[in-house]
Amino acid sequence: MFTISQETPDDWWEVESLYDLCFAPGRDALSSYRLRDDVRPVKGLCLVARDDQGVIAGAIRHWPVRICPEGDDSHCFRALLLGPVAVHPTHQGEGLGGLLIYQTLGGARALGWERVMLVGDAPYYSRFGFSKLADVVMPPPTNPDRVLGLALYPGAWGGVAGQVSKWSPDMALPQA
Ligand SMILES: CC(C)(COP(=O)(O)OP(=O)(O)OC[C@H]1O[C@@H](n2cnc3c(N)ncnc32)[C@H](O)[C@@H]1OP(=O)(O)O)[C@@H](O)C(=O)NCCC(=O)NCCS
């Protein structure tokens, strides 16, 4: 049995330790981390799962990003960047990763977000409906085959193309 709750500031370093355990060393050198620097994760879409001893078993965070047409910063689309998501090795394969992803995708819809993207393994994320985003470019170095998206509303990725950029405080967050 897991208890899932919103991440609080007190959870931050425990979640970071879980990510260190689950990802290869140097995870924060990945280009997706540059999109997170100095940007707050999305409130309500960062969850922590604990086992019945209170030990952290899994965690997920989401960040806001912009997707801007080449050379045009004034007509950007907003999107959620899902991740990191990780489950402690002793609990992998028990469905917790899927639970955290489904729960936050539902939360994202309820908050009014239209689209979610991530950099990850298509064989895993396709089960949630993610597929390759051919027209969306992550900062290098990123394997384009790992840039995946999911529309939270039908057609939400239609016409969305360009470079993924750091969130700008000028952009409006969605209204639920
Ligand atoms: C990826 C991760 C979050 C999945 O969490 P989980 O709780 O183990 O996943 P679930 O129990 O919901 O699903 C397990 C299924 O996903 C599959 N799966 C897990 N990781 C996968 C991957 N990278 N590629 C393809 N399939 C994968 C398992 O084989 C299993 O398949 P099955 O349902 O056919 O048996 C977890 O394995 C993890 O923390 N991995 C290390 C960190 C990581 O890679 N995070 C994702 C970044 S892309």
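**Salt bridges**

The side chains of E16 and R61 form a salt bridge, with N and O 2.6 Å apart; the term means a side-chain nitrogen of Lys or Arg within 4 Å of a carboxyl oxygen of Asp or Glu. This is a predicted model, where local features need pLDDT of at least 70, side-chain atom pairs count only at pLDDT 80 or more, and totals for chains, interfaces and linings use all residues. Residues are numbered from 1 along each chain as its sequence is written, and side-chain values use heavy atoms, leaving out hydrogens and water.

Q: How many residues apart in sequence are the parts that E16 and R61 tie together?
A: E16 and R61 meet in a salt bridge. E16 belongs to helix α1 and R61 to strand β3 (residues 56–68), so the parts tied together are separated in sequence by 45 residues.

Q: Are E16 and R61 buried or exposed?
A: Buried means under 20% relative accessible area, exposed over 50%, and partly exposed in between (1.4 Å probe, protein chains only). On that scale both E16 and R61 are buried.

Q: What is the relative accessible area of D11?
A: D11 forms a salt bridge with R50, their closest N and O atoms lying 2.9 Å apart. D11 is buried, and its relative accessible area is 9%.

Notes:
Helices (H or I, at least four residues) and strands (E, at least two) are DSSP runs, numbered from the N terminus.
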